[in-house]
Amino acid sequence: MKINAAGLLLCTFLVGCGGGDAPFGEGATDSETDSGTDGGTGTGGDTGEETGIIREGLPPGTASPTPSSRIVRSEPTEAEGGKQGDGFATGIRYDGDTDVFTVDGLAFDGGNRYARGENVSSLNDDYAVYEAFQQFPDGSNDELINQFTHRAIYGVSRNLDSDGNPATQFAIVRTGAYIPYGFGGFVYEREGSVALPTNGQAVYRGKSAGVRDFEGAGGLEYATSNVEIAIDFEDFNDSTGVGGAGVRGIFSDRRVYDINGLDITDIVVSRINAQNDASIGTIPDARFEVGPGVMDANGEIIGEVFSNFVNDDGRVIEYETGKYYAIVSGDDANELVGVIVAENSAELDDITVRDTSGFIIYRD
């Protein structure tokens, strides 16, 4: 990969609020995790027993999930169906006592330690932003070595279990230091269990926060939106062996910020208009494709996400396509954690933009 070496500055370490230590995936046994995207992901049932049905498309992680089990999922690597550079961020861990993130597997990220962001410390009020140290000393002579630009976004549930662990959490790590997509990853998890209704519907609302990176250019941008996801637990009828629930989602009021926190949404909209002979006034909403077989009995949801708009000639223009991943949590199925990954080639010449956004939303 070619390196984009711009923007290498000294990062100031900031100490934030205290809290507990919140690792991702720690303590999982070999029988609980799986490195492939299509192996050992039973759909479970009300008894919490694995059915033996293998569900394709789930990200790697917990190999034999049940409704009563903790579930951890992470971004697939290229060998597992992801993009070049995906899934390299491992060992993600947050220390609430020092407000420091630790990420393993990424080169030149300041010794794996990420401090709370200086110019951008949070997004959409709910999600914290962390930056890798941008200089790191040579252990022999203390000469400072410039590092690559890495950013991490951390979301944690407002609900805690009896041991003080968050019910759900997610983390996203991306870098703008490469001309193709750089090395990074995401992880999301449910700590406890879920009791899924067998009938009726539910709506979940909240916010998202994410990172935009580029294939064909360096640099990073931040993304936010409002999120509404509805689930029909009764229909569709199950004809797939996975699950029958219908899931509808919309990401609206989408905003984009540069790496220093400047709102550049109008610039992004101008890019879209210039490329497509359009006169839209906002970034198009991202929506879930609705159809059967997206949610299983363990509360795991995977499906397709898309967005489009109409240009000045009346043509429908595809803006984004991608995937969404989520897990339902709670005795009342009252919470959703997840990640969307959506790409567009309709914004910049010969450059693909990728939005990786996480969300924790609630059934209030």
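In what follows, Ala, Val, Leu, Ile, Met, Phe, Trp, Tyr, Cys and Pro count as nonpolar, Asp, Glu, Lys and Arg as charged, and the others, Gly among them, as polar. This is a predicted model, in which local features need pLDDT of at least 70 and side-chain atom pairs count only at pLDDT 80 or more, while totals for chains, interfaces and linings use all residues. Residues are numbered from 1 along each chain as its sequence is written, and side-chain values use heavy atoms, with hydrogens and water left out.

**The cavity**

- A cavity is a set of points on a 1 Å grid over the protein atoms alone where a 1.4 Å probe fits but cannot get out, and its lining residues have an atom within 4 Å of a point.
- The count is 1 cavity of 30 Å³ or more.
- The largest cavity holds about 100 Å³ of space, a volume being the space filled by probe spheres set on the grid points, which are joined across faces, edges and corners.
- Its lining has 16 residues, and Ala223, Thr224, Arg254, Asp355 and Ser357 lie nearest the centre.
- Two or more lining residues come from each of β15 (201–215), β16 (221–232), β17 (246–258), β20 (316–329) and β22 (351–362); strands are DSSP runs (E, at least two residues) numbered from the N terminus.
- Strand β17 gives the largest share of the lining, 4 residues.
- By type, the lining residues are 7 nonpolar, 4 polar and 5 charged.

**Threonine 168**

- Threonine 168 belongs to strand β13 (residues 168–175).
- Threonine 168 is buried because its relative accessible area is 1%, and buried means under 20% (1.4 Å probe, protein chains only).
- Its side chain makes a polar contact (N or O atoms within 3.5 Å, one able to donate a hydrogen and the other to accept it; residues adjacent in sequence count only if both atoms are side-chain atoms) with the side chain of glutamate 335, at 2.6 Å.
- Leaving out residues up to four places away in sequence, threonine 168 touches (heavy atoms within 4.5 Å) residues including Val156, Glu189, Ser329 and Ile360.

**Asparagine 237**

- Asparagine 237 lies in the loop between β16 and β17.
- Asparagine 237 counts as exposed (over 50%) because its relative accessibility is 59%.

**Nonpolar cores**

- A nonpolar core is a set of buried Ala, Val, Leu, Ile, Met, Phe, Trp, Tyr and Cys residues joined through side-chain atoms within 4.5 Å.
- The largest has 48 residues, and Ile153, Tyr204, Ile231, Ile301, Val328 and Phe359 have the most contacts inside it.
- Strand β21 (residues 335–348) gives the most to this core, 6 residues.

Key:
On a 1 Å grid over the protein atoms alone, a cavity is a set of points where a 1.4 Å probe fits but cannot get out, and a pocket is an open set with protein on both sides within 12 Å along at least five of seven lines; lining residues have an atom within 4 Å of a point.
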